Amino acid sequence: MRVRAVYGRRVTRLVDVPEWKALAAHHAAIHGAHLRELFAADPDRGAALATDAADLHLDYSKNRITAETVGLLVALAEATGLRQRIDAMFAGGKINVTEDRAVLHVALRAPESASIVVDGEDVVPKVHAVLRKMGGFAERVRSGEWKGFTGKPIANVVNIGIGGSDLGPAMAYDALKDFSDRRLQLRFASNVDGADIWEALHGLDLAETLFIVASKTFTTVETLTNARTAREWLVGALGDEKAVRDHFVAVSTNAAEVANFGIDTENMFEFWDWVGGRYSFPSAIGLSLMVAIGPDHFRDMLDGFRRIDEHFRTAPFDRNVPVLLGLLGVWHRNFFGAQTHAVLPYNNELSRLPAYLQQLDMESNGKSVTLGGEPVEWDTGPVVWGTPGTNGQHAYYQLIHQGTTMIPADFIGFCRPNHAVGDDDGGHHDLLMANFLAQTEALAFGRTHDTPHRTFAGNRPTNTILAPQLTPSVLGQLVAVYEHKVFTQGTIWGINSFDQWGVELGKALANRILPELSGDATPTHDSSTNALIRRYREGR
């Protein structure tokens with residue numbers, strides 16, 4: 001049995017942990033059980049395997065588990081040091097060991113009275129100073145006090161970023177449009193494909209447009225390429241380089257590069273290296289969102305995050321929503337061999353949530369090396385995917401219901417809509433939610449039929465997350481739940497959920513290839529890449 005030291009504690013190779021072996025034996029005994037049998041044996045199962053966190057209700061009874069399963073999974077979490085890792089994160093410990101950094105997205109929503117110390121400095125006052133600066137700026141834009149170069153107030157905001165500097169604010173803006181100032185038009189540009197920035201600027205009066213350039217280092221190639229194009233178009237339209245100061249602000253830590261671009265560093269909003277990009281939209285990265293929904297709604301969203309943070313930090317693991325979701329993910333991934341996980345929000349405003357969670361989960365836990373540097377010998381992060389219901393029902397649900405692959409799924413629904421549309425009391429929403437509830441029932445229990453093609457085996461695992469209504473607070477709660485779910489799984493798998501070295505190699509090779517695309521130099525790659533470069537040159 002190999003034993004290694006990781007972050008101040010001794011960790012046994014995961015598959016040798018007694019609690020892991022106990023789960024493997026339990027799986028062998030229970031994997032053939034059907035949910036029909038499990039529900040028939042326990043009339044109170046639906047209530048027993050459910051719990052709450054803030055405004056979120058989690059029903060996890062439609063998984064192939066028993067109370068014993070939950071107890072064994074909780075024991076695994078305890079054996080792999082989840083409690084210690086949680087405490088270390090909230091205390092500012094440098095648990096991102098490969099980059100020697102603290103992991104403190106929780107500080108972004110900590111109350112002003114809190115104290116979280118990193119390298120001898122309390123970071124909470126800095127967080128709230130930036131939030132106040134963001135709030136003052138957002139109010140100036142929303143009120144019309146902030147004027148463009150020609151004296152016009154701002155009517156359009158274009159956020160230029162990529163990865164976490166785009167996915168988070170874009171997802172949250174779509175989710176919270178009902179709480180936004182509809183007089184302001186928000187657009188997002190991230191892809192280095194010129195079509196993206198062209199579409200983002202198409203039809204806008206640049207004299208009424210504000211650009212928010214979000215890049216920690218202010219050297220991100222895709223972001224700076226789009227920002228320079230926007231700058232050129234602005235100067236071309238308004239005829240003066242001085243216009244940049246009235247139409248560009250930055251979210252960055254690199255004041256020198258921000259100033260070189262032409263942005264007044266007074267209009268630079270700071271964030272810190274202990275904030276990972278995919279965890280960053282509650283920080284200054286969310287400036288475009290704050291401009292759209294206003295500081296009060298933004299603070300409500302932060303309060304939602306904070307409520308789940310506290311729940312995650314203090315609730316017993318067997319009633320802890322993020323921990324339970326994480327443990328169920330481990331159960332499905334490692335013991336049932338599930339390779340993917342579907343996130344299915346029954347709310348059209350959450351259309352970008354699955355894409356946001358793809359980065360959160362797959363960039364965090366798509367790892368094959370342990371914290372100690374050894375190859376991982378067990379499966380880690382699944383492929384995350386999904387779209388809003390009911391659209392998916394007319395597309396890929398066929399595979400979930402009757403395919404040969406087990407696909408665990410999270411169904412997310414709301415008791416009340418933000419728009420009551422329809423002639424009767426329930427209108428569209430009752431129909432939406434009838435489908436929401438019917439799908440998890442059908443996936444769990446299936447249906448027998450004389451014709452094999454019309455037989456549904458059932459026994460397909462789902463979690464149901466139900467909230468009163470999609471509000472800023474509830475959005476914060478949902479995102480925090482998934483953040484801490486990912487953390488839980490990374491801890492159990494013994495990997496670092498907070499680095500992303502896997503994105504670096506492709507970028508480095510792209511910088512090498514770029515000059516070869518427009519020059520005459522002989523490309524020096526493999527035969528396939530060399531041939532494709534020559535073909536591209538000919539096609540240009």
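A charge sits over a ring if NZ of Lys or CZ of Arg is within 6 Å of the ring centre and within 35 degrees of the ring normal. Arg231 lies over the face of Phe261 in this way, at 5.5 Å from the ring centre. The model is predicted.

**Charges over rings**
- Besides Arg231 over Phe261, Arg45 lies over the face of Phe39.
- For Arg45, the distance from the ring centre is 5.2 Å.

**Aromatic pairs**
- The structure holds 22 aromatic pairs.
- One of them joins Phe137 and Trp146, edge-to-face, with 5.1 Å centre to centre and 80 degrees between the planes.
- Phe137 has 4% relative accessibility, so it counts as buried.
- Trp146 counts as buried because its relative accessibility is 5%, and the cut-off is under 20%.
- Phe281 and Tyr356 also form an edge-to-face pair, at 5.8 Å centre to centre and 80 degrees between the planes.
- Phe281 lies in the loop between strand E11 (268-269) and helix H12 (287-293), while Tyr356 is in helix H15 (residues 353-365), so this pair ties together parts 75 residues apart in sequence.
- Both Phe281 and Tyr356 are buried.
- Ring pairs also build a cluster from Tyr346, Trp385, Tyr396, Tyr397, Phe411 and Phe436.

**Trp378 and its surroundings**
- Trp378 is placed in the loop between H15 and strand E13 (383-385).
- Its relative accessibility is 10%, so Trp378 counts as buried.
- Beyond its neighbours within four places in sequence, Trp378 is in contact with Arg13, Leu14, Val15, Asn334, Thr370 and Trp493.
- Trp493 is 115 residues away from Trp378 along the chain, yet their C-alpha atoms are separated by 7.8 Å.
- The side chain of Trp378 reaches the backbone oxygen of Trp493 at 3.0 Å.

**Cavities**
- There are four cavities of 30 Å³ or more.
- The second largest cavity holds about 70 Å³ of space.
- Its lining consists of Gly329, His332, Arg333, Ala338, Thr340, His341, Asp361, Pro382, Pro408, Lys485 and Gln489.
- Helix H14 (321-335), strand E12 (340-345) and helix H18 (472-493) are the elements that give two or more residues to this lining.
- H14 gives the most to the lining of the second largest cavity, with three residues.

How values were computed:
Residues are numbered from 1 along each chain as its sequence is written. Side-chain values use heavy atoms; hydrogens and water are left out. Rings of Phe, Tyr and Trp (its six-membered ring) pair if their centres lie within 6.5 Å; planes under 30 degrees apart count as stacked, over 60 as edge-to-face and the rest as tilted. Buried means under 20% relative accessible area, exposed over 50%, partly exposed in between (1.4 Å probe, protein chains only). Helices (H or I, at least four residues) and strands (E, at least two) are DSSP runs, numbered from the N terminus. Contact means heavy atoms within 4.5 Å. A polar contact is a pair of N or O atoms within 3.5 Å; within protein, one must be able to donate a hydrogen and the other to accept it, and residues adjacent in sequence count only if both atoms are side-chain atoms. On a 1 Å grid over the protein atoms alone, a cavity is a set of points where a 1.4 Å probe fits but cannot get out, and a pocket is an open set with protein on both sides within 12 Å along at least five of seven lines; lining residues have an atom within 4 Å of a point. Grid points are joined across faces, edges and corners, and a volume is the space filled by probe spheres set on the points.
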